[in-house]
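Please read them with the structure open.

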Amino acid sequence: MSKKPTFIRNASQLVTLAGSSNAPLTGEKMNQLHIIENGSVWLEDGLIQYVGKDEEAAERYKERLADAEIIDAAGKLVTPGLVDPHTHLVYAGSRENEFNMRLQGATYMEIMNSGGGIHATTSATREASHEALFEESRKRLDQFLLHGVTTAEAKSGYGLTIENEIKQLEVAGQLHEQHPVDIVRTFMGAHAVPSEYKSNPDAFVGMIIQEMIPEVARRNLAEFNDVFCERGVFTPEQAKRILEAGLKHGLLPKIHADEIEPYEGAELAAAIGAVSADHLLRASDKGIEMMAEAGVIAVLLPGTAFFLMAESANGRKMIDAGVPVALSTDCNPGSSPTVSMPLIMNLGCLKMGMTPAEVLTAATINAAHAIKRGKEIGSLEKGKKADIVIFDVPNYMQLQYRYGVNHAHTVIKDGVVVVDGGRLVCSTATRILS
């Protein structure tokens with residue numbers, strides 16, 4: 001970690017999102033960014049020490065300015081580091097052939113049920129060595145960092161056997177230790193029913209509950225437990241059993257819900273007290289109402305709907321109903337092969353009716369709460385981790401207005417500059433440097 005303090009000065013806009021550490025923002029509060037014009041941030045020992053007006057910060061630290069690393073953010077936007085709360089980061093192979101099939105009319109579920117989709121990636125991931133899987137995933141993580149992501153969730157789910165699920169989670173853990181981006185791990189053995197269990201899916205559910213979950217928990221390989229609740233994958237009843245089993249072993253529940261059709265996934269998320277319900281393209285009005293009452297975070301994935309040429313989840317409706325909304329890439333090889341959170345924010349505005357302020361909230365503090373990190377990251381406040389992005393635009397509205405462009409100029413992770421001028425300058429974890 002840098003021995004010298006860092007002083008970010010003269011930001012055209014400093015988006016702090018102050019006062020949001022205890023709970024995700026909902027309703028009109030998602031538009032309240034708490035912006036400081038001509039703002040500055042003082043960073044030291046990997047943490048934020050001061051946030052305020054430039055002239056006030058300069059006066060406060062005048063005796064130490066000569067010893068600090070100065071970053072001039074004049075004409076630029078400064079925000080918390082972006083947080084991606086739903087990725088399938090660790091996998092092997094590619095499925096561009098399926099993209100071509102879908103362009104010719106095949107549906108996602110048709111491809112999956114014919115042996116493609118998740119099953120194709122499962123085969124490639126099972127065959128990949130630990131070292132090959134790490135290297136392929138590390139390259140993806142570099143791209144996340146270049147787009148301003150400083151913390152990401154990573155799911156298993158392309159192994160579907162104990163040894164291969166563990167391999168994915170171990171690779172994710174190794175990435176956390178060796179890469180600047182912090183990784184939060186989710187076990188998702190219930191991502192699909194493997195072909196060898198196609199005629200007896202309940203037997204696979206039993207193996208997840210009796211063997212996989214206990215072993216993952218015993219080895220402390222994940223914090224969360226996720227399940228793909230969808231017709232033809234796991235039923236609501238099976239999903240409930242899997243999530244309850246995870247809770248007994250200390251794994252917090254998440255759920256892929258109501259993506260392809262209404263299937264009571266949102267209702268289950270609320271009933272079981274899930275941290276988040278994700279996708280929600282076809283969530284019912286009742287399910288949305290129940291999520292709002294239970295405080296379940298909706299992690300919306302507009303890139304997935306965009307890539308599948310489907311109608312997006314109704315983000316506007318959920319926010320207006322009082323549901324806390326977060327955004328994510330859903331980075332995966334089949335339905336959302338992107339690493340660009342800036343593009344996801346663009347799509348949140350253009351496809352889901354969200355405002356520029358709401359998508360920034362959804363990609364920072366609400367995304368942090370969706371992985372139980374709201375007290376550590378997601379806003380620029382004293383005592384939080386010094387995870388910061390400097391975008392080469394003068395205000396947050398231009399970040400969405402000039403769509404489809406990576407405006408991330410400088411990325412700071414734990415107080416260390418890891419991207420400078422849009423180029424990677426440090427690919428080693430700040431934990432190792434400290």
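1. H256 belongs to strand 10, residues 252-257; helices (H or I, at least four residues) and strands (E, at least two) are DSSP runs numbered from the N terminus. The model is a predicted one, in which local features need pLDDT of at least 70 and side-chain atom pairs count only at pLDDT 80 or more, while totals for chains, interfaces and linings use all residues. Numbering runs from 1 along each chain as its sequence is written, and side-chain values use heavy atoms, with hydrogens and water left out.

2. Is H256 buried or exposed? H256 has a relative accessible area of 2% and is therefore buried (under 20% relative accessible area; exposed is over 50% and partly exposed in between, with a 1.4 Å probe and protein chains only). Leaving aside neighbours within four places in sequence, H256 is in contact with H86, H88, K155, M188, D226, V227, F228, C229, D278 and H279; contact means heavy atoms within 4.5 Å.

3. D330 sits in the loop between strand 13 (325-327) and helix 13 (341-352). With a relative accessible area of 2%, D330 is buried. Not counting residues up to four places away in sequence, D330 touches H86, H88, H279, L301, T304, S335 and S336. The side chains of D330 and H86 make a polar contact at 3.0 Å. A polar contact is a pair of N or O atoms within 3.5 Å; within protein, one must be able to donate a hydrogen and the other to accept it, and residues adjacent in sequence count only if both atoms are side-chain atoms.

4. An unreviewed UniProt entry lists H86, H88, H256 and D330 under "binding site". These residues are spread over 245 residues of sequence but cluster in space, the largest C-alpha distance being 12.4 Å. H86, H88, H256 and D330 are taken in by the lining of the largest cavity. UniProt positions follow the numbering used here, feature names are shortened, and annotations may be inferred rather than shown by experiment.

5. How many cavities of 30 Å³ or more does the structure hold? There are two, and the largest has a volume of about 100 Å³. A cavity is a set of points, on a 1 Å grid over the protein atoms alone, where a 1.4 Å probe fits but cannot get out; lining residues have an atom within 4 Å of a point. Grid points are joined across faces, edges and corners, and a volume is the space filled by probe spheres set on the points.

6. The largest cavity is lined by 14 residues, with Y108, H191, D330, N332 and S335 nearest its centre. Its lining divides into four nonpolar, seven polar and three charged residues. Ala, Val, Leu, Ile, Met, Phe, Trp, Tyr, Cys and Pro count as nonpolar, Asp, Glu, Lys and Arg as charged, and the others, Gly among them, as polar.

7. Helix 9 (residues 265-272) is mostly covered, with seven of its eight residues buried: G265, A266, E267, L268, A269, A270 and I272. These buried residues pack against strand 9 (224-229), helix 8 (236-248), strand 10, strand 11 (276-279) and helix 10 (285-294). Just after helix 9, G273 takes a positive phi of about 75°.

8. M309 has a positive phi of about 55° although it is not a glycine. M309 lies in the loop between helix 11 (302-307) and helix 12 (315-320) and is exposed, with a relative accessible area of 54%.

9. D414, also not a glycine, has a positive phi of about 55°. D414 is in the loop between strand 15 (408-413) and strand 16 (416-420), and counts as buried at 6% relative accessibility.

Notes: 1 Å grid on protein atoms, 1.4 Å probe; cavity = no way out; pocket = protein on both sides within 12 Å on 5 of 7 lines; lining within 4 Å.
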